[in-house]
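Q: I have a sequence and a model open side by side, and I would like to learn how to read the features one after another. Could you take me through them?

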Amino acid sequence: MPYFSPSRRHRRASAAFNHDSSVLALTLNDGTVQLLQFPSLEANTILAAPDFEIMELAFSRDDMRLAAVDRYGNYAIWDLESLEQINQFSPADDVLWRDI
């Protein structure tokens with residue numbers, strides 16, 4: 001059984017390209033997400049870490065937002081124009097069923 005500690009919490013690496021492959025999003029060991037210009041790999045910005053370990057990253061179709069999800073269904077969304085996290089959801093919040 002694997003051992004997990006706070007110091008090893010963000011060890012899984014995730015990456016995603018935007019649709020024209022000009023920006024690469026990468027998770028860092030501290031849980032933050034770094035945006036790099038591609039192919040120069042010039043660091044563009046770092047997005048604040050969500051409250052969970054990121055398993056996957058994905059850009060929206062218009063490349064204006066970036067989503068992160070973990071293995072339990074928690075997700076966070078950042079607006080890439082303001083560079084602010086605009087939403088975070090956990091299945092435990094039961095938000096999905098409130099509007100149905």
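A: What follows is a short tour of a predicted model, going from the overall fold to single residues.

Q: How many helices and strands does the secondary structure of the protein come to?

A: The secondary structure consists of zero helices and eight strands, and along the sequence this reads as the pattern β-β-β-β-β-β-β-β. Of the 100 residues, 34% count as buried, while the accessible surface comes to about 6,800 Å², of which 53% belongs to carbon and sulfur atoms.

Q: Which residues have the most contacts inside the largest nonpolar core?

A: As a general idea, nonpolar side chains in soluble globular proteins tend to be buried together. In this model the largest nonpolar core has 15 residues, and those with the most contacts inside it are V33, L35, L57, L66 and W78. The elements that give two or more residues to this core are strand 2 (23-27), strand 3, strand 5 (56-59), strand 6 (65-69) and strand 7 (75-79).

Q: What does L35 touch, leaving aside residues up to four places away in sequence?

A: Among the residues that L35 touches are V23, L24 and A25, together with L66 and L80. The list also includes A43, N44, T45 and L47, and T45, which belongs to strand 4, is the residue that stands opposite L35.

Q: How many bridges join strand 3 to strand 4, and do the two run parallel or antiparallel?

A: Strand 3 (residues 33-37) and strand 4 (residues 43-47) run antiparallel and are joined by four bridges. Their hairpin has five residues between the strands, and within this hairpin L41 takes a positive phi near 60 degrees.

Q: Why does S21 count as partly exposed?

A: S21 counts as partly exposed because its relative accessibility is 37%, and that class lies between the limits of under 20% for buried and over 50% for exposed.

Key: Residues numbered from 1 in each chain as written. Predicted model: local features only at pLDDT ≥ 70, side-chain atom pairs only at ≥ 80, totals over all residues. Heavy atoms only, no water. Pairing = 2+ DSSP bridges. Core = buried A, V, L, I, M, F, W, Y, C linked by side-chain atoms within 4.5 Å. Buried < 20%, exposed > 50% of the residue type's maximum accessible area, 1.4 Å probe, protein only. Contact = heavy atoms within 4.5 Å. Areas by Shrake-Rupley, 256 points an atom, 1.4 Å probe, with all protein chains shown as cover.
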